Structures are given as C-alpha cells and as structure tokens.
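Q: I am new to this structure. Could you please show me how to read its features in turn?

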Amino acid sequence: MNRSCIRSRFLCGAALVALAASANAQVSGNAQANGYVQANGNARKGEDVFTTNCGECHSAREGRDKRGPSLYGMVGATAGQKAGFKYSDDLAASGIVWDAENLSRYLANPRALVPGSKMKFDGLANAQERADVIAYIATLGAH
Ligand code: HEC
C-alpha cells in the first residue's frame with residue numbers, strides 16, 4: 001500500500017477507480033463493440049459479483065490465498081507473479097498485464113485467454129458484471 005493510501009483509504013480507492021476508468025476509456029472504442037469492457041463499472045455492485053462468483057476461491061485481503069491467489073493489488077500487476085502461490089505454468093509464463101481489458105477477457109472465458117489456466121471457472125458472460133467486478137478489484141490496491 002503506498003503512502004497516500006495509508007493517509008486516506010478513501011482517497012486511494014477513489015484514485016484507483018479513476019485509474020480503472022481511464023484504462024477502460026482507452027479501450028472503449030472497439031471494446032464497446034466487442035463487449036469486452038464497459039467504461040461504467042460500479043465497484044459497489046462489483047463487490048456482490050465478487051462475493052457470489054469469486055469469493056469461494058479468492059480473498060480481497062492482501063496475502064490471503066485460497067484456491068486462487070489474493071486479488072489485492074491485482075489491477076496493473078503482471079499475471080502469475082504473486083509470491084507463495086503455485087500458478088499453472090501457462091499463466092506464470094503468459095506475461096499478461098492485468099489491465100481492465102485483459103481482466104475482462106480472462107473473466108469472460110479464462111481458458112480462451114490462458115489455455116492451461118487452472119482457474120476452474122466457466123466465466124462471467126455478462127459484460128456489465130465483468131466491468132463491475134473489475135471496478136471493485138481496482139479498489140483493492142493497484143501497481
Ligand atoms: C473455483 C475457483 C476459482 C473461482 C470461482 C475463481 N477463480 Fe480466479 N483463479 C483461481 C485459480 C486456481 C487461479 C490461478 C490460475 C492459474 O494458475 O492458472 C486464479 C487466477 C485468477 C486471476 C489471475 C491472478 C494472477 O495472479 O495473475 C485473476 C485476476 C482471477 N483469478 C480473478 C477471478 C475473479 C474476478 C473471479 C470471479 C469472477 C474468479 N477469479 C473466480 C481460482 C478461481
């Protein structure tokens with residue numbers, strides 16, 4: 001967590017949401033057309049999407065791994081690099097950076113983006129739910 005986050009969790013969260021929104025804005029031209037990313041992710045709704053679809057395997061708390069790695073600080077991070085978590089070889093070697101577009105593609109269909117991924121999740125078909133959960137993850141810290 002950087003210093004501004006320690007001073008004010010609220011300001012930090014707001015800045016990160018703005019960051020995620022600007023990442024979305026950059027790709028929104030064709031992203032809107034192909035349904036990958038919507039610029040209007042709602043972090044509060046995204047927390048419910050997270051609890052329902054991801055919480056079984058992922059924690060929002062820093063360093064708390066379950067079946068999947070903690071998603072704290074995941075927006076902006078390189079895939080497959082959290083120390084202490086045993087990733088599939090394919091994800092660890094992918095070099096993917098988790099910006100909003102790549103997250104949306106992975107969450108829509110994990111094995112379409114990373115064929116050997118061991119995330120056993122069928123995918124979130126609803127683009128708005130993906131945008132919402134990404135906005136929520138962006139409030140958990142970013143690089
Ligand atoms: C059944 C368990 C399970 C569910 C449900 C699940 N995941 Fe995962 N997730 C994993 C596992 C296991 C990995 C590691 C994949 C690998 O190594 O290939 C992973 C990896 C990830 C990664 C990449 C992490 C990194 O360090 O690169 C992200 C991002 C992610 N999941 C987000 C989500 C989100 C968001 C949801 C809900 C919409 C979700 N996952 C649902 C098990 C799950």
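A: Let us start with the secondary structure. The protein chain has seven helices and zero strands, where helices (H or I, at least four residues) and strands (E, at least two) are DSSP runs numbered from the N terminus. This is a predicted model, in which local features need pLDDT of at least 70, side-chain atom pairs count only at pLDDT 80 or more, and totals for chains, interfaces and linings use all residues. Residues are numbered from 1 along each chain as its sequence is written.

Q: What percentage of the 143 residues in the protein chain is buried?

A: A residue is buried if 20 or more other C-beta atoms lie within 10 Å of its own, exposed if 12 or fewer, and partly exposed in between, with C-beta atoms placed from the backbone. Here buried residues make up 34% of the 143.

Q: Which residues have the most contacts inside the largest nonpolar core?

A: A nonpolar core is a set of buried Ala, Val, Leu, Ile, Met, Phe, Trp, Tyr and Cys residues joined through C-beta atoms within 7 Å. The largest has 26 residues, and M74, L103, V133, I134, A135, Y136 and I137 have the most contacts inside it. Helices α3 (43–53), α5 (100–108) and α7 (127–138) each supply at least two residues of this core. The greatest contribution, seven residues, comes from α7.

Q: Why is α7 described as largely enclosed?

A: Ten of its twelve residues are buried, so α7 is largely enclosed by the rest of the structure. Among the buried residues of α7 are E129, R130 and D132.
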